[in-house]
Amino acid sequence: MRSTTWRPPLASYVAGNVALIGDAAHAMTPALGQGACQALLDAIELAACLRAQPGDVARALRAYDARRRPAAQRMVTASRWMTRLAGAGRLARPRNALMRVLPL
């Protein structure tokens, strides 16, 4: 099952003096409920990088990209995996059994 919202990960969240955050950088399925949270983490990290590199926007943006892209892309992958698991035909029975034994 391939989600129609999935896109290959971007090579960078930065182009020139423009930085992408949130869904513009890493749209994800809603399976983990992390979309808005990841956008906030992007904004916080971007602000911290800009504050740490006053006067050198290009360096700050490279730092933002290096810090956020790997973590955000891991979350996109996890969300996509969870979406597949939730709709998995032959995995539905083991998934349902697991959900019955997990604490609420």
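**Exercise 1. Determine how many disulfides a search of the whole structure finds, and account for the result.**

Solution. The search finds zero disulfides, a disulfide being a pair of cysteine sulfur atoms within 2.5 Å. The model is predicted: local features need pLDDT of at least 70, side-chain atom pairs count only at pLDDT 80 or more, and totals for chains, interfaces and linings use all residues. Residues are numbered from 1 along each chain as its sequence is written, and side-chain values use heavy atoms, without hydrogens and water.

Step 1. Consider C37: the closest cysteine sulfur, in C49, lies 17 Å from its own, which is too far for a bond.

Step 2. Compare exposure, where buried means under 20% relative accessible area, exposed over 50%, and partly exposed in between (1.4 Å probe, protein chains only). C37 is partly exposed at 33%, whereas C49 is buried at 1%.

**Exercise 2. Identify the residues of the largest nonpolar core and the element that gives the most to this core.**

Solution. Step 1. A nonpolar core is a set of buried Ala, Val, Leu, Ile, Met, Phe, Trp, Tyr and Cys residues joined through side-chain atoms within 4.5 Å. The largest has nine residues: Y13, V14, A25, L46, C49, A60, L61, Y64 and A72.

Step 2. Two or more residues come from each of α2 (35-52) and α3 (57-86); helices are DSSP runs (H or I, at least four residues) numbered from the N terminus. With four residues, α3 gives the most.

Step 3. For A25, neighbours within four places in sequence are set aside; A25 then contacts L10, Y13 and L20, contact meaning heavy atoms within 4.5 Å.
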